[in-house]
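Let's take a walk through this structure together. Have the viewer ready, and we will go from the overall form of one chain to its packing.

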Amino acid sequence: MGTLILQDGTVIKGESFGAIGGYEGEVVFTTSFCGYQESLSDPSFARQIVVMAYPEIGNCGINDFDFESDRCYLRGLIVKNYSKQESHYQAKETLANYLIKNNVIALENIDTRSLVKKITKYGTMGGFITSNDVDNDFIKEKFEEIRNFKIEEDVLDEVSIKSRYVFNPQGKINIALIDYGNKKSTLNELAKRDCRITVYPYDTEAKEILENKFDAVFLSNGPGDPANYKNQILQIRQMMGKIPMFGICLGYQLLALAAGANTYKLKYGHRGANHPVINLENNKVMITSQNHGYSVDMVTLPKIMRPTYKNLNDNTLEGFEITSLGIYAVQFHPEANPGPEDANIIFDEWINLAQKDMNRINEV
Amino acid sequence: MKDKSLKKVLVIGSGPIVIGQAAEFDYAGVQACRALKEEKIEIVLVNSNPATIMTDEEIADKVYIEPLNLESLTEIIKMERPQGLIATLGGQTALNLACELDKAGVLKEYNVRILGTNIESIQKAEDREQFKNLMEEINIPIPQSEIVSNYQDALKFSEKIGFPIIIRPAFTLGGAGGGIARNEREYEEIVHSGLSQSPINQVLVEKSIAGYKEIEYEVIRDANDTCIIICNMENIDPIGIHTGDSFVVAPSQTLTNPECEMLRTSAIKIVRALKIEGSCNVQFALDTVSNQYYIIEVNPRVSRSSALASKATGYPIAKIATKIAMGYHLHEIKNPITNKCAAFEPAIDYVVVKIPKWPFDKFSSGDRILGTKMKATGEIMAIGRTFVSSFKKAVTSLEERFTGLLYRGFEELSNDALLSELYIQDDRRIFRLAQAIYNGNDINRLCAITKIDKWFVAKIKEIVDVEKELKRAPLNRTMYLKAKQFGFLDEEIAKITQTTYETLNKFNIEANFRAVDTCAAEFSAHVPYFYSTYNEEDEVEEFKQQAQKTYKKPKENIIVLGSGPIRIGQGIEFDYCSVHASWELIKRGYESVMINSNPETLSTDFDVATRLYFEPMNVEYVMNIIKKENPKGVLVQFGGQTAINLAEKLHQEGIKILGTSLESINAVEDRKVFEKLLRELEIPQPKGCAVTSTTGALNAVKELGYPVLVRPSYVIGGRGMQVVYNDDELLTYITEAFKFSNEHPVLIDQYLEGQEVELDAVSDGRDILIPGICEHIERAGVHSGDSMSIYPSQNISRKNEKILVKYATKIARKLNIKGLMNIQFIIKDDKVYVIEVNPRASRTVPIMSKVTGIPMANIAVEAILGKSIRRAGFGVGLYKKSNLVCVKMPIFSWQKLNRIDPALAPEMKSTGEVLGIDTTYKKALYKAFLAGGHKFSKAKQRVLVSLNDHYKKPALPMLKKLFKQGFFIMATWGTHKFLEQNGIPSKMIEKFMIDKLQKRMKNGRLSFIINTPTTGKNSQNAGFQIRTIAQMYGVPSFTSIDTANAFLSAYKVFDKNTVLTYDTITNYRKKKFLGMFK
């Protein structure tokens, strides 16, 4: 019997099917019914304990193709039912094996719906997940520890790369991507559109990027509280106006902070593959893949930032642009994986804009 | 935004229930009408199916129960002048009619706009060639195929690509006439059948991709180009079995994210290319070892799958599709469940399994092989937190004798025999698979044989393993809980572990209920839609308390038991009754609690009752709900036999059955008690007895005299009732019956070949209200569900009418009937006999309610709640006759079922019905035949007549009529001789010249067939063969001389160039009989 301890005092027992051990983490849930492999390898889930709202997990095992990064960053996985017999022609190993290899604690046979309800009621919580059956003293001790659990800013160091590299070197459009926990799909989407992407660590100085004469800078998704990343915001600010910039998720939040807006923590975040987003310019609606715990506060937008997308569920801001500076960013995930590819078109728009705006900036 | 110019809209229904088009379109139609009402749009509704809720006058403003054809719709459009027409909610029938109206220029002439998806899109989706071109244009892979309109071209295709080949006829319901051909012989047969059944004489021949995964997407698109997926579904059975005949799971289980998204993106691309405005179903085939996929087909309308998707997610697809048709965009519409906008995709946190309900228990001789032609009459759906629990619940929901996966007879086969049978793709294959797993076969091998994905096979193995575990180890709480979480019933567990219920109860484990909320609990949603699970939190109590807070004073609740899946003998009419009962309870200040397992019905819409439980109609599941709800009582009389069957068991649990008591219900079902009861009341009944030997049978017949009605007291292998005329027939029957079991007696009853009469009544135990009396066209011996019937009765004397009312009143008082009842009588030689009493809602309740304006189900609820029916405002006794005449006609689904004798018999075979209404009997009759799809032609063709000896004489007047009306009679030898003796010219044909007859039928040179069957279910019988071929070519074959006679009367109306007029049911009731002739 494994155990999940929540900061509100809840203790839930389940059967362990992952690694042995125990971790603290932020307990969040996702409603996406497929794509657990993508989620597990999504660095944005770093230091989180993820509850899968959909009950059957592990059905297709783990394959070689659907990873979003080279390992798992989340700390715990909580499911209703783990499918011991995987079935898919691409499957290389079982989910359990993969979790063990990646040191992720996993519990099954848990009333995940009740857990989701709890999170929506009390908000995202700190928690402790262990593969062990623990006693009351241990639980008491853990309560104290997890009460103040936060994803600290050093998380970027964990998810980012150590040194830069080039993806799709034969590409024609020259893009710099700052990796705050980037997903592979973003690189694939850019490569598909003939980009040569130089991927930089999260702590790269603006100067270094600007020197290299890129066509645009891409700020990736990633974990944590955007407001913590003071240095990143500073570097971004130094690049603004000098080169077209695009941001997804954390990248978008950092761009917003750099431009003078504020961010705040959502009660329980948006994590799933079914979030409707409306394009405020043409009223077109897209279903998007989302994974974020923070949001850009619409009322704090400086005049220069024009809202471009809005979430139809809770009316939170989902995108903005600063056309004069060539800045475009969205909160959701146009690279999908897991989730719908509706927003894929944004990459086309951006690559077009990158070329146009670079010309414009060069002329100025 | 909404189109403000819309003031009046025409909604076309889907007509009678047939295989491939069941109650889902009533649910869709009602949702559509409610959505239109919300917008204050006047609704004109046309449907020939009187058992539907959509044809209620409170649902639509103007209700036309009229034949669904070009002529009637043109006239109605001319009169009503609607601005818009909704054609995408009435199944294939409505879609085809909209195309016809468009083609005939009617829509243009009267300025009627098609709302939602337009005609051009519909045609692009439905016309194989256009669709193929469009798919090629947008780069969606489509299997190699060719559209052909003759066999020669089909042959060229097969020579090119080889077998197997799938044949899909254009524009047919549920793939009628299609199939998979593995060789040239099968190919020829199926291509011909497909060509003849396609209204445009066109079939698609296509490279078979049997064995691929079959995946469906339910898409909604609006005029703003927003596309959302309501859910995807995976067929557990691979491609090759019609999706309507497949076990289906939602959402997909064996697809990776890239596969799901690849198909999702394609689905959206297709729906956008087609410019669908509303709902659309997209079906794909996906390879099991690569990401190669093909589009199979799209349904540019609300469909059976969309009904399933709607119930599986809680998303009201038909309602939203209607709003889109009115011009709304998805993001402008509110999702009533979450109060967020409707432009989102439901997230679910449970698993849904659908299993079809096949009619093979009724048709034991039928061909059970499943292919591209749908054979199921209905379906059940189950919701569980895990696949295994959902699957197990789904099997229980089938309401079969066996609730489990095992012990279905396959345990008696040797393992080798079982494995070779496992290749058979029929309705029992999942159970064979379960047995094969139980036998310990390697699951990889089983996957290879069945082509069912390993994931599903492994899950079934998990269920089987629990059973093994139960057998092995002593039962403890942990094991019991596990079995419960897997969906095992207490009954099963007690049997497997040989424990008592008391022991199980001691474990103190209760079912918990979870809500279906479209969002996996992400938002707070207050939807009263629940399913059961174990070992989880319960959400009902909180919901109940919140509901109570909104009432001025506390409300009691009452449970309405629904009727489960649509099957022969238990159709949509019971859904009509359950829904009305629920509405009436709410009106009377109660909370109504609905329990049902059928995703195709209105009763399983979450806003019909105060609370909905989507659960198997099994006593344990019902009791779980009762424990939670603590109801005032349970209503069992509205949900057909399904609900009635539960009454006894609920009563044993101490649950109060409201209305007519269980004792009375049992009294009419127990032959002896019922006999005694009628004797006491001095009501005549046919004589009968039970025999246990052939000598006993022969002795009995000596006393009763031939003909007699024989039936087993216990149903074995679907062998049912039969009328026998002599010792030979009797002995054949008896010997056969005893071969199966001689423990159960055979019942022999005097068969009175008289006028069959039927009435429905509402009673409060003291008074009885009879809306009307119906008389059957076919003489007794044909199941009442398969008879044509007339209201008001045309041939019953005043005196006998009074007797009927007297008997009904006596019976109602004696049995203390509270609520509905139905009585069937025979009048022979001016004497009235009672043959059957049903203390519950009957098939005819919706019809009688509509034609008389008496809301029977509602009054029944009032009576059950203790109100005198005198206060309902319709008086007591026999209600005054309406000014209309209506003829009910049964509709059969022969073309979907192979090897089934279409001969009318005491066993019911029809799947649905239509109603012809007019001011005179003749016109109503003509309309009934028109609504039933019969074609009348000025060019009189040949009619094949073949009568058995018994019916030759009684048929004489009809045969004379046939000749006089200008038909050319072809007759088999005996009939020919008989006609000759009576001076009626006919051409003699050899009975065995079946090929020649087949050719005639195909060329349309045979108008119809009159063939009274000889007894014995011998499929080698020539008559049987002729009738079966006639089915295939859609040539009507009348097996009762009375039906044939009625058809000739209708033909006469046609011959006289009678111009039909059409009116609303409301007006027909008001019309004065006289002075309305045109």
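What follows is a tour of a predicted model, from chain to core to one residue.

Start with chain A, which has 10 helices and 19 strands. Its C-alpha trace spans about 70 × 45 × 40 Å along the principal axes.

Now turn to the packing. In soluble globular proteins, nonpolar side chains tend to be buried together. Here the largest nonpolar core holds 434 residues, and the members touching the most others are I78(A), V217(A), L255(A), V11(B), L561(B) and L635(B). Domain 1 (2-147) and domain 2 (161-363) of chain A each give at least three residues to this core. Another core, of 17 residues, lies apart from it and includes A154(B), I180(B), A181(B) and L204(B). To see the packing around L561(B), leave out residues up to four places away in sequence: L561(B) then touches, among others, I595(B), M617(B), L635(B) and L646(B).

Finally, find N274(A) in strand β15 (residues 263-279) of chain A. Is N274(A) buried or exposed? N274(A) is buried, because 25 other C-beta atoms lie within 10 Å, and 20 or more are enough to count as buried. Beyond its neighbours within four places in sequence, N274(A) is in contact with T31(A) and I287(A), and also with F344(B), E345(B) and A347(B).

Definitions and conventions
Residues are numbered from 1 along each chain as its sequence is written. Chains are lettered from A and ligands numbered from 1 in the order in which they are written. This is a predicted model: local features need pLDDT of at least 70, side-chain atom pairs count only at pLDDT 80 or more; totals for chains, interfaces and linings use all residues. A nonpolar core is a set of buried Ala, Val, Leu, Ile, Met, Phe, Trp, Tyr and Cys residues joined through C-beta atoms within 7 Å. A residue is buried if 20 or more other C-beta atoms lie within 10 Å of its own, exposed if 12 or fewer, and partly exposed in between; C-beta atoms are placed from the backbone. Domain bounds come from an automatic or database domain assignment. Two residues are in contact if their C-beta atoms, placed from the backbone, lie within 7 Å. Helices (H or I, at least four residues) and strands (E, at least two) are DSSP runs, numbered from the N terminus.
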